[in-house]
Structures are given as structure tokens and as C-alpha cells.
Amino acid sequence: MQPKSPSIQECPVGRAVETVGEWWSILILRDAFQGAKRFDEFSQNLGIAPNILSRRLAHLTETGMFSRRRYSDRPPRYEYILTPKARDFFPVIVALLAWGNKHLAPKGEAIVLASRGDNRPLDPVVVDAANMHPITLANAVVIPGPRASRGMRQRLASLKAMNPAVAPAGD
């Protein structure tokens with residue numbers, strides 16, 4: 001059951017999780033970024049049950065993450081092509097990879113993100129596009145956007161850790 005709270009539906013994180021938060025969806029997108037396009041490729045790579053894979057691919061297509069392109073008429077078969085919306089999700093996968101390597105690989109990394117040009121390992125960070133400074137919990141807060149409802153404005157005002165007047169979490 002999907003959460004229906006107005007604060008979740010209005011929140012971009014809540015809407016993003018509704019689109020791609022189910023773990024199979026994230027793994028399907030990961031494999032698509034690595035070149036998988038066809039049902040059998042996803043199935044073989046992930047070991048996912050066909051009915052679950054069908055539902056996840058349909059959901060990702062309905063939400064605009066994939067477009068379907070027929071590659072065979074007999075029998076009808078489709079490829080799943082990443083859309084620009086899905087390509088914009090790539091930094092999320094990169095962040096998960098970096099976080100997993102840092103915190104969940106005690107014996108060392110099995111996969112490393114590297115530069116396509118020279119295979120130099122990359123150390124991804126989230127930065128502000130305007131000044132290229134890293135965005136951290138210590139220097140960022142959330143504030144209401146121009147379309148925030150009264151309820152969202154009240155919710156954000158009540159969040160101690162995100163209030164600009166409060167010291168950053170962990171300090």
C-alpha cells in the first residue's frame with residue numbers, strides 16, 4: 001500500500017520513492033544503466049520472478065522511466081529504453097554505489113565507479129551546480145518552495161534539523 005499522506009505526496013522525495021523506491025525497480029534501473037534492455041537480460045541478471053519483473057517494467061514505463069520499443073514481431077518482443085527522466089536518476093544510483101562501498105563493503109569494493117576515458121576511480125559527491133561546493137547535512141536546509149501548501153510550510157517549520165536557525169545535526 002502506497003502512503004497517501006499529503007506531506008508525502010507533496011514532497012519530492014515521497015514522489016520519487018513512489019516512482020522508483022521499490023528495490024527491484026532500482027536494481028532494474030541499475031542494470032539498464034549497465035546496458036540491459038530486454039526482459040530476458042533483466043531476468044537473467046537479477047534472478048527476478050517473471051511476474052514481478054513484468055509488473056516493475058510496466059510501472060517504470062508508466063511512470064516515464066522507460067519507453068518500450070518493439071524489436072521482434074513474431075513473437076512480439078520489446079526493449080526497454082531509458083528516457084531522459086531515467087537518465088537523470090543515474091546520480092542517485094552513483095550515490096547508492098558510493099555509500100554502499102563506504103559503509104557496506106568491509107572486505108573491499110566489488111564494483112568501483114571509474115572514468116570512462118581512463119578508468120581512474122571516481123569519488124562521487126553531491127555538489128551545488130552554482131558554486132561546485134559539496135552539499136552536506138551541515139550546510140543545507142530545506143525550505144518551502146513557491147508551491148508549498150500551508151501544511152507543508154508548517155511541517156517544514158517544525159523540523160528542528162532543517163531549520164536554518166538550528167545547529168546542524170550531529171554537531
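Among contacts in the protein chain between residues at least 6 apart in sequence, what percentage join residues at least 24 apart? The share is 39%. The legends below refer to a predicted model.

**View 1. Overview of the protein chain, with eight helices and two strands.** Along the sequence, the elements follow the pattern α-α-α-α-α-β-β-α-α-α. The protein chain has 171 residues, of which 22% are buried.

**View 2. Crossing of helix α3 (residues 23-33) and helix α4 (residues 39-46).** The two axes come within 10 Å and cross at roughly 115°. Angles of 65 to 115 degrees count as roughly perpendicular, and α3 and α4 are therefore roughly perpendicular to each other. Their crossing is right-handed. On the α3 side, the contact is made by Trp24, Leu27, Ile28, Arg30, Asp31 and Ala32. On the α4 side, Phe42, Asn45 and Leu46 take part. Six residues of this contact are nonpolar, one is polar and two are charged.

**View 3. Crossing of α3 and helix α7 (residues 90-103).** The axes of α3 and α7 come within 10 Å, with a crossing angle of roughly 105°. These two helices are therefore roughly perpendicular to each other. Ile26, Arg30 and Phe33 of α3 make the contact with Phe90, Ile93 and Leu96 of α7. The contact of α3 with α7 comprises five nonpolar residues, no polar residue and one charged residue. Arg30 of α3 is also listed in the contact with α4.

**View 4. The largest nonpolar core, with 19 residues.** The members that touch the most other members are Ile28, Leu29, Phe42, Leu57, Leu60, Met65 and Phe66. Elements giving two or more residues to this core are α3, α4, α5 (50-62) and β2 (77-82). Helix α3 gives the most, with four residues.

**View 5. Surroundings of isoleucine 28, a residue of the largest nonpolar core.** Leaving aside residues up to four places away in sequence, isoleucine 28 touches Phe42, Leu46, Leu53, Arg56, Leu57, Leu60 and Phe66. Of these partners, Phe42 and Leu46 belong to the α4 side of the contact between α3 and α4. Ile28 itself is on the α3 side of that contact.

View 6. Threonine 61 has a relative accessibility of 25% and so counts as partly exposed. Setting aside residues up to four places away in sequence, threonine 61 touches Phe66, Arg68 and Tyr80. Tyrosine 80 lies 19 residues from threonine 61 along the chain, and their C-alpha atoms are separated by 8.1 Å. Phe66 is also one of the core residues that touch the most other members.

**View 7. Isoleucine 143 in the loop between α7 and α8 (150-158).** Is isoleucine 143 buried or exposed? Its relative accessibility is 59%, and isoleucine 143 therefore counts as exposed. The C-alpha atoms of isoleucine 143 and leucine 156 are 6.7 Å apart in space, while the two residues are 13 residues apart in sequence.

Key: Residues are numbered from 1 along each chain as its sequence is written. This is a predicted model: local features need pLDDT of at least 70, side-chain atom pairs count only at pLDDT 80 or more; totals for chains, interfaces and linings use all residues. Side-chain values use heavy atoms; hydrogens and water are left out. Axes are lines fitted to C-alpha atoms, for helices over the stretch in contact, and angles run from 0 to 180 degrees between N-to-C directions. Angles under 35 degrees count as roughly parallel, over 145 as roughly antiparallel, 65 to 115 as roughly perpendicular and the rest as oblique. A crossing is left-handed if the near helix is turned anticlockwise from the far one by less than a right angle, and right-handed if clockwise. Contact means heavy atoms within 4.5 Å. Ala, Val, Leu, Ile, Met, Phe, Trp, Tyr, Cys and Pro count as nonpolar, Asp, Glu, Lys and Arg as charged, and the others, Gly among them, as polar. A nonpolar core is a set of buried Ala, Val, Leu, Ile, Met, Phe, Trp, Tyr and Cys residues joined through side-chain atoms within 4.5 Å. Buried means under 20% relative accessible area, exposed over 50%, partly exposed in between (1.4 Å probe, protein chains only).
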